[in-house]
Structure formats: C-alpha cells, structure tokens
Amino acid sequence: MPAEPPIESPESLAHAYDLLSSGDAWRPIAGGTDLMVQITGELGPPPERVLDLWRLDELRGIAHESDALVLGALTTYTDLRRSDVCQEHLPALVAAAATIGAAQIQNRGTIGGNIVNASPAGDTLPVLLATDAEIVLGSVSGERTVAAADFWTGYRQTARRPDELVVRVRIPVSPGRQVRFRKVGTRRAQAISKIVIALSWRPDAGVWRDVRVALGSIAATPVRARETERVLEGAAAGSESADRGAATIAQEIHPIDDVRSTADYRRVVTARVLHRLLREAGGW
Amino acid sequence: MTYRFTVNGADVALDVPGMRRLLDALREDLGLTGTKEGCGEGECGACSVLIDGEVVDSCLVPVSQVDGTSVMTVEGLASDAGMDAIQEAFLVHGGAQCGICTPGMLMAARAYIDQGGAPVDEDIREAIAGNLCRCTGYTKIIDAIAAAAAAQPV
Amino acid sequence: MRVGIAKAFPLRREGPAKLTGTALYTDDLVFPGAWYGQTIRSTVAHGQLLGIELDPAFDWSRVVVLTAADLPGENVVSLIKDDQPILVADEIRHQAEPVALLAAPDRETLREAKQRIHLRTADLPAVFDPLEATQEFAHFALAKGDVEAGLAEAELVIEGTYRVGHQEQLYIENNAMIAVPRPDGGMAIHGSMQCPYYIHAALKRALRLTDSQAVIIQAETGGGFGGKEEYPSIIAIHAALLAQRVGKPVRMIYDRHEDLAATTKRHPAIVKHRTGVTRDGRLVAMDIEVVMDGGAYCTLTPVVLSRGTLHAGGPYSCPNVRVVGRAVATNTPPNGAFRGFGAPQTEFAVEMQVNRIAEALGMSPLELRRRWVYQLGDETPSGQILRESVAGAEVLERAAEAAEYERIRSQTAHAREERSASAAPSSVAQLTSGAERTARGIGIALAWHGAGFTGSGEVKLASVASLELTADGRIVVLTGSTEMGQGTKTIFPQLAAEQLGIDESSVEMAPQDTSIVPDSGPTVASRTAMVVGGLVIQAATRMRETVEASTGRAFADSYAEYAGAHGGLRVDQQFEAYPNVKFDDETYRGDAYPVYGWACAVAEVDVDLDTGETQVRSIVSANDIGKVIHPVLAEGQVEGGTLQGVGYATIEEIKLVDGRYLNDRLATYLIPTALDAPRIEAILVENPFSGAPHGAKGVGELPMDVPAAAVVAAIHDATGAWIHDLPASPERVIAALHGIAPPPLPGISTISPRSVAPAPSADDAGAPEEGLDPQPEARTDPQPMRGPYQE
C-alpha cells in the first residue's frame, strides 16, 4: 500500500483556484494515470497535498467553435475517440488517443493531464505542437493563453505557475489543414513511445505550406523540427522533397540511448517514418 | 472524509483517506479480494473494475474520485442464479488457467459486451489489450468473449 | 467453438472459484495481527558490506530488524550447492541481494523505517561478461564420433554465434509468502509456490525445525513457469525468520518492482556452432559450445546447463557431434528455472543454424529437416538409441501442412525478389521509405524435449502420490504436485476416476499442505501429468483391484460399502524406475531421458520495413505429447508456451547497467498484449510412451522450444536479414538492414560512468565513510530500483 497524502476535492473551479492561491503546495490530479504511478512507484517523495480536479465539470466538454476545436482539460482519451466532432476535425488527435495505454487508461487519462505531466513521450503533445494549439491556464487572476510551442520549458517543466490549472486547450482546425500522426512503441498497446511524430501542412497546388513537424521521445520536451520544416516549406510534394526532409531531420535531432531504444534507431527511424508520412500524404 | 458510492449494487460509505487507492479500499476496507494487484502501475489490468460501466485500473483511482459513482467488481458478476454468461463462457472454453488475470479480464470483457462489442477477433483484442495474461496466450480468452458476445440478444 | 466438451472432459475443478473471485491467493489471506515484512537489498553488484546503519532519530523499538548475525540456523538457502546466503554476511555478490529484513506492525511504519536504514559498502571489481568469468558452476561434455574429422570431410562449414539474454517469467501474481508461528514452536508458511517440499527442506534447515514443525501450505498460485520453483524458499525463510522474532504472522508480499529486480530469470546464453554439411544436404558434423550465465549463485544452474547441453544438437541425427557446455558466475542476480530450462536457449541456436544452412545450400528449410530429423532407432550424442515414440517427422509435416508452409514461402520469396530488384541504393535507403511498407515472411523450427528429469533424477526423487478412500466413503488424491493454472487439480481426479470407473466429481484433491500430502517431487520439468499422473493411475488401479477383490462387485457400486466395512483404504504409490533406461551421471552417456516430446512451429510475420517492427500474425504449433489427457488444458499449455516464446523472440528484453536490471517495472519489461499476440493454432499429436500408464510425455515446456527460431526465420524470410541475438527487436532488424549500430549484446551489463572517489587517508579513521563508498545513492537509498521509470 503506497503513501496516502491528504487530498481535497473542490466542487467548483473557483474553489480550486482559491486553494491553489493559498500558498500551500498542491499537486493537481486529474484521471490519476500518471500521478498515481509516481506515488506508488515511490519515484520521489509523495506530494504534500493533492488537489482533486475530478468533480470540476467546468473542465469538461468538447466544442467546435468557428475555426477551433476546444477541449476541456478533463477530456479523456475515450471522450476524444467517441467524439464525432474530433473525428471530423482532427482525426490525428483521435489516432493519438487510441495509441495511449489501452481501454482502462483511455477511460481515465486526460488531455490536460498529458499536457501538465509534460513527459517528453506524451503522445498527444506532438499533435498540439503541430497544430499551433493554445493552452489556456486559469487561476484566481483570470485566464491566460500560452502557445503550445512555449508551454514545455524543460524536462517535465511547464509554463504553468503553481497557482494555475490547465483549463482547456484550443486547437485551430481548418478544412485545408492536414495532420498526420505516427507512434512507434515496443508493442501495440500499453507502450511508451520510442518515436512519436505529428506532421501538419496545408496542401497548396502540389506544394507543402505551413509545415509543422513535431516530435516526442527524442529530447527533454516535445519539440518542433524547425530546420526540417524550413526544408519542406514551399517544396513540391514528391520524393525529392521527402528525401531532403528525411535527411534533414536525421541531422537535426539528437536522441539518446535509453531502456527502450537506441539513439541511432530513433534518429534513422524518425527519418524513415517522416518519409513514409510524406509519401503517403503526397500519394506517390 | 466519508466517501459514498455503490459497489455491486450495495451502498458503501467509507471513511478513509481520499488518496487511498480504490484497489486497497475494495480489498482491505470492504473485504472484496476478488480484484487483484499485479503491478500497481496501471500496466497489467489485474485490478480492473467498472466505474459507471467503464473499465479502469483501480490501482490508479483514488477513492475520492469514486464518490457518487457505481462500482462493479468481479464479485458483482454472478447472481443467485449462478455465474453470468461471460463467466460460464470462460469456464467452458478454458479462458482461465492460473486465474490471477481473470477477474480483471472478466471486467474488461463485461464492459466490452455491455457496450455492444461484437464477436470480432481484432475488436476483442483491443478491448482486453490492457489486461495482461501470461498463461493462456489469449486464445481461449478471446474464444470465450466471442462466444459470450455472440450469445448476446441484439 | 467446441460443442459438448463439458460432457467429454471435466471443466476446470477450481474454475468457478477463480471466475467468481473467491479463490484465495496469498495476499487475499487474512491473519489478524499480522505484521508486514520488507527486504533491504544491496545497491552494488560486488562489494564488501561494511556496516548497516540505523538512523538513531527513528524509534527502532517499533520494528524488528534482522541481519545475518541473527540467524538461528545456517546462513544458507538450501538447494544444490550451499553457496547462497539467506542474508549477506560480509560479501555482496549481486545487486538487490538481501542484506537485512525489516518487519513492522503497519505499512506506514515499515515505509518510514525503510528510509532510515543505510548500507555502507566498498566496491569490489565486478564480472559481468560470462566469457570473461572465471568461476564455474558446472560443465558438461558430449561426444559422438569424431567431430574434427567430420568437419574436415564436410564440403561446407557454417559458423554461427547466437546470444540470448534474460527473460522474466512474469507470472501476473508476484511472489508472496505469509509465515505464521505455530504453537509447537514451528512455522506454517502460506504462499505462492510450485514446490512445497523444496520450501519445507529449506525452512527446516534455516530455522532448525523438525519435519512436522515446518508446515508448508500452497495458496492459490497465480502463475509460476519455473519462477516459483526455487525462489520461494528465500522469501519463505525471510518471512519465517521475521515471524519467529515478532511472534506474530508476517506478510511478505513483493510488489512488481521488487519481484522484477530481485528474483530469478532465464539464464542468458552464448551458443557457438560449427556445422559441417555436404552440398547435397547431408549433415556430417556439429561442434557446439554453450556458455550460460548463472548469475552470482549456483541455484539450479547445473541442471539448466545439463538440459541445455543435451538438447543443443537439436532433433537431428548426426554422426559426429561435440557439445561442450559450461555455466559461470557473474555479479548479477542469480538465474533460475523458466519453462524449458536451458532447452529454449540452445534449441534457438541450433534451429538458427539449420535455417541458415538451408539458405546456404539453396534448400527448403522443411526439406532439410526431413532429411536430418531423428528416426526410430537413431543414436543421440549421449549414445541413447531412440527406441520408441519418435515423432519429429510427424510434427514437422503436420505443422508445415497446416500452415501451408511451402506455398506461402514461395509467395514471400517472390515478393522479396521484387523488393530487392526495386530497392533504392543503400546511401539513400537508410533514411527513406520504400514502395512497400511491410513484408511478409514465414519461418519454421523443430525441437525435441526430454520428458521428465534428466538421467537418474526421477529415481532419486522417489516421488509418492497417494489415493485414499476415507471411512465415510470419500475418495481423495493426496499429492504435493501443485496447481498453477496448468490443470493439476482437474486431471488428477479425472485420471483416478477413469481408473476407478466413477465420475470425476466424486474424486477430491487434498490441499497441497505438507502436513497432509506426500512429496510427489517438484511441479516442474513437465512431469506432473507424465510421472505423478502415472502414480495416480497406478494407485487407483490398485485401489480398484483391492475393493473389487473384496466385494466381488464393481468398484463404483461397492466402494462406499467397502469403506464402511473396513474403515477406509489408503494406497501410496512410489515412483519406480522406467525399465531399460540407463544413464551414467559421471560420463553423461546413456539414456538422458526415458523418452522425448517433439514440436514444430511455423510462424508468419509482417515486418514493418520502415521501423523494423515485427507483427507475428500466426503460429501453428504441432506438439507430440504422448497422450492428450485433456484437450482444452493441453491446448492451453501449447498456446501459453507459444506466446511466451513469441515474447522471447520479439519484445522481452532486460538491459543491465552496473549489474542491475534496467527493466524493473511493468512499464519497461514488456510481454505481449492481446493485440501483439498472434493467432495460435495448437495441433496435438499422440505417440504414447510405453513407460507411462497413460502414455503421456509432458506438455508444459515443449512448446517453448520452437517459437523463437520460427519467428526469427520468418523475419529473415521477409527481410533477408539474419538476427543472431534475441530479442529480434526493431533495433536489431534496422541495424541488420541499414547498417546502424546495433544495441548492446543481450544479457551483458554495461557500466555507468561514475566519478572515482579519493582513497581514504590514515587519519580518516572514524570519519564519515564518504571516501569508502563511491556510489552516493547507496548511502541514502537502500532500495536500488527507483531510477529507471523515466522517459
């Protein structure tokens, strides 16, 4: 039986904000699929106190508002998979959710938790980076928005202040924008990714525009492969640009050897997977 | 704090720390030892239960979050009439060997079938992908779930 | 879907209890007032234990701490060699070695106390590579004919080195024991186990108890696979020592992290082959060297090496064979029993050789095996003539046919040719995708598996199984053989009932409690149905004869009356040596096993050419098990063993750093999920063994010997790449195909870069031990395994 730190379960967001601004150290918990493992596994001292977000219906909901998908922080992966709105406007995010854990984890894990846990291997995070998502933080002082590109600041570090909660994420979507996702894990379910990539672009008469290439599991945070994006930006979709993109990404990233995989594998296979996504997108 | 919920249809009021794992509350505070701990990290699914009909790993759920919900464990599957259709199918098809994964596996199967799951191999595999079994190779588990799903009235 | 199986074969006896959650596994048992126990473990691979420090700020009167100095008996875990201590006395030989035991009345206190114990150690040089190890646990040699002459005569000699790493049994129920002091000064042990009498022997010695003072009771056991053969003795002793001191029951329930970090694994092995053949496909010579890594202590290593050595030539008739096997010590946690017990390692290697030779000769791997497989009357490398029940050829044909091996192989060969023809130059190919994303492959492997214990093992065990007709007319099977999912509790009543002519529901199984049941030998080596089942049948036969002779009527109609009149009847049946089975343990010549089982697997895979990932689509496994006692249970063994072999081949991997397992959580030690598992078709073949009353030869381990080589052959068929090391991970596949650096060799620890501490000077005497302990985390964190869950 693991440690059982004290927990408080506010019934309203306002109450949650009050507790967070009290000066005590609170560790928020959403579905618990990350936090509970950290406590059970004794991966560091248990939190002093835990703030239970589960009753905050204000943090739930999936909406499509003009040009954006808006997901409450407590949207679970199952919610994403069952959402017609998400399937229609951002199937890549649904695809990402389907690769996380298995049914039990998907029923409880939340997008807000994925964002705040800030694992470099968080599977939805490359999709958020590749779609220029905006993360909305709330506190007693009100709400503020941080671009996904600015949110993950270091290994398991975020721009969230201790008195803030991630309230929702706003993802621009448009009919013209294409997004693709691929995860490579050791097995087909219940696997932390070795390689995870999201690719987004706007096709424009056979040319890649507004290219985003986002990666997890190859740095301390999820990252954009900006040199690779520059190489693809404005290029004609085809084998030549795909070859250049693959060569560039292999140079640009600096993955490591770890328990799951090797640096060389990650480097080479990231390039191969990018090349495959470009090939499939380009239809050649 | 006292947390109130139902377990297998019966009302429960537990005055325990809110961060107690639902798994420990079930096994130790309520004496329902049918739900098992295989890893404590949400990887093996041996601790699977249903919360409001959805399958979850009870080792990852703090009791504070089941307040107001209905929880179902393996002990809730059978009735006075005997084992339910999924349990019978497991018995007949050889879906249980050592039995330690079985309660969690049954709960995942129960959620799948209750949600209209079909006797389709790949879909069943996905539904139980969060339940590790080391004994069976999954073959007879899938046979059992497929049989139970096929026998469901449409 | 089977119709009517409930009528033909009994349903699992303890099935309803398992299905309704009422079966009681160790952690489900409640003993009021029980304390909780914990093991404090080393954090260095090899070192001097200088001291165990208890933080004076903690109130130690609330807990019990035991060290080697507190042991009532010998500091030995009794097994083959007396080299493994119960607790470290002065020399630590591996990471996670037990150094101290802690017990507390509640888990909060235990958790706190655990933080307040520090081990002071000084590093000693550690050995991690078995090829550099100098301490040997065992060696064996087999020789037939003249291998050097044979190799010289051969037209082609193929060499190969194959390496396999650790594999974890991964029973879903962790190791667990509860020790309960008895009023007679003895100790009862309730626990998860395969072999109650192994624990009985070890416990008596460690606590200096008599036979009746030590009572071992198996709880429902959630999987074993060999991982609960010998290891449980250690936890049982630990729990018992604490319980003895506390005077109350003590629960030692491992969590998954501790179980992965500290308990036995499959022996890593390095197997070198030189095989001589003629160009028209005749097998002329096999020269084989086997090196196994036993870890730090002997445990069962000599027996694992023995089986590995005896099976190393595979199921093939060869005139000139030399097999030399040795098992050595490294500073890693001791390795132990795991399904197959040495054979999966060496049979992987020989099947790789055969498949590579088929490629070199341009022959079908199926056809080559047809020519080489043992036939009735052939002689093995130990000089055994295979006199009966030889079915390698039969399982080969059955599997190949069911899997449509040749038809699919010609398709995959054609597809592979087309791919090579259109492949991009390698300078570009490494980083780019090809026209096709996946490639299909098919592979085949064949194996034999000696049934029962090697050589005179079974005679030495002298197992007993008993059948009792009680005075009130109940029939009870009494055996120390345990149920761990394989079906012991179902087939023993079935076998007895068949002999007695009654319904199996009338036959009970006594609980596996050493104060009630005799020692039927360990539940290992696939001997339960074959050997002990045979004893049950013989006992039942004798019981039936006795009753029928007395009553003059059929047993079924008269046994109740007989019981009433005679006050019951007990028949004890002891194992008698199989006739004409002779083996010399000294020279390793003769009949190594009374008979062999035979298996063939055909695996179909899809390899993702972008990533090197292998999806095993299907496996057909044909197994000759002598006699199918219960088809559902037998298929269950084939299906389960096959998937464990698939995991061994693809995703089960342990990396080590500084002699410590990096993969020590379920998030990092991965076994196949239902989505990873192939469709498995089990084909059961019967070639009965004349020495067993029912003809059974064992089914538990045989299926494990074939899947890995079949999968790796299929990967080769799909990609053209031969992977010599297991697992054939995507990293190894991409390395083989595209020239990147492969991952480290399996089973061998790497060493982390560490700053070297300054040597202490003379006037440091009495000063804090900074300089003596260059690994700072050992001072603050006696539990070494916190690190690796990280991304």
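**View 1. Strand β5 of chain C and its partners in the predicted model.** Val64(C) stands opposite Ala103(C) in β5(C), and three bridges join strand β3 (residues 64–66) of chain C to β5(C) in an antiparallel arrangement. Strand β1 (residues 35–41) of chain C also runs antiparallel to β5(C), joined by six bridges, with Gln38(C) opposite Leu102(C). Strands are DSSP runs of E with at least two residues, numbered from the N terminus, and two strands pair if DSSP finds at least two bridges between them.

View 2. Thr275(C), found in strand β13 (residues 269–277) of chain C, counts as buried because its relative accessibility is 2%, where buried means under 20% relative accessible area with a 1.4 Å probe and protein chains only. Its side chain makes a polar contact with that of Gln353(C) at 2.7 Å; such a contact is a pair of N or O atoms within 3.5 Å, in which, within protein, one must be able to donate a hydrogen and the other to accept it, and residues adjacent in sequence count only if both atoms are side-chain atoms.

View 3. Glu4(A) forms a salt bridge with Arg20(B), their closest N and O atoms being 3.0 Å apart.

Residues are numbered from 1 along each chain as its sequence is written, chains are lettered from A and ligands numbered from 1 in the order in which they are written, and side-chain values use heavy atoms, with hydrogens and water left out.

Conventions
This is a predicted model: local features need pLDDT of at least 70, side-chain atom pairs count only at pLDDT 80 or more; totals for chains, interfaces and linings use all residues. Helices (H or I, at least four residues) and strands (E, at least two) are DSSP runs, numbered from the N terminus. Buried means under 20% relative accessible area, exposed over 50%, partly exposed in between (1.4 Å probe, protein chains only). A salt bridge is a side-chain nitrogen of Lys or Arg within 4 Å of a carboxyl oxygen of Asp or Glu.
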